[in-house]
Amino acid sequence: MSAEPRHAGARLALLYRNLRQSLGLARDVDRSLVLRYLAVAAIDALLPIAIAWVGKAIVDAVVAALETPGSSPTRVLTERALSWVAIECALVVGKLASGQAIGYLAEILRGKLALHVDLLVADKAARLPIACFEDPKFLDVMERARKDASWRPLEMITHGIALTR
């Protein structure tokens, strides 16, 4: 087992190397599912920016309505600000929908990755001599590899995306 890198730069490089390997494993399982997952994650990451920008536009519309001389602030406020409120409402609903879509796609990908990794471990185990299976330590390592490898690649992808945000 190798020593863990001590400084943040080395840890970050290790994270992105592992992320690239995890994405490669996931891509081998279902490329279109991985692309959809990444696309929805990108949309989910950008929606808060759009929501904040529209919130600023709402405030600007209210301030402009109050500062407009000779016109009814209520009418101007109703026309401009409420349209921005409707846009923000749609963006918030989109943010909620993208969060649900990420969870859905992640569960599908997690199941497919678990099956793929189980098959890889079984294939490797089939090629080993029978003497290996008499060693309890080896069996523990094989079981941990099978259990951990079914969920860790997706967690690496999820954490890598969260860190990139």
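Predicted model: local features only at pLDDT ≥ 70, side-chain atom pairs only at ≥ 80, totals over all residues.
## α1 against α5

Let's start with helix α1, which covers residues 8-29, and helix α5, which covers residues 152-164. Their axes sit 8 Å apart, and the packing angle is about 125°. As for handedness, α1 and α5 cross in the left-handed sense.

Who does the touching? On the α1 side, the contact uses L12, L15, Y16, N18, L19, S22, L23, L25 and A26. On the α5 side, P153, M156, I157, G160, L163 and T164 take part. Sort the residues of this α1–α5 contact by type and you get eleven nonpolar and four polar, with no charged ones.

## α2 against α5

Helix α5 also has α2 (31-67) as a partner. Here the axes come within 11 Å of each other and cross at roughly 30°. With angles under 35 degrees counting as roughly parallel, α2 and α5 are therefore roughly parallel to each other. The crossing of α2 past α5 is right-handed.

The contact is made by Y37, L38 and A41 from α2, meeting I157, T158 and I161 from α5. By type, the α2–α5 contact comes out as five nonpolar and one polar, again with no charged residue. One name to look for in both pairings is I157: it is part of the α5 side facing α1, and it is also part of the α5 side facing α2.

## D30, between α1 and α2

Now for the link between helices: D30 lies in the loop that runs between α1 and α2. Is D30 buried or exposed? Its relative accessible area is 16%, and because buried means under 20%, D30 counts as buried.

The D30 side chain has a polar partner too: a 3.1 Å polar contact ties it to the side chain of S32.

## S98, on α3

Over on helix α3, which spans residues 73-126, have a look at S98. S98 has a relative accessible area of 6%, so it is buried as well.

Which residues does S98 contact once its neighbours within four places in sequence are set aside? They are V40, D44 and L47.

Note on methods. Residues numbered from 1 in each chain as written. Heavy atoms only, no water. Axes fitted to C-alpha atoms, helices over the stretch in contact; angles between N-to-C directions. Helix = DSSP H or I, 4+ residues; strand = E, 2+ residues; numbered from the N terminus. Left-handed = near helix turned anticlockwise from the far one by under 90°. Contact = heavy atoms within 4.5 Å. Nonpolar A, V, L, I, M, F, W, Y, C, P; charged D, E, K, R; others polar. Buried < 20%, exposed > 50% of the residue type's maximum accessible area, 1.4 Å probe, protein only. Polar contact = N/O pair within 3.5 Å; in protein donor to acceptor, adjacent residues only side chain to side chain. Parallel < 35°, antiparallel > 145°, perpendicular 65-115°, else oblique.
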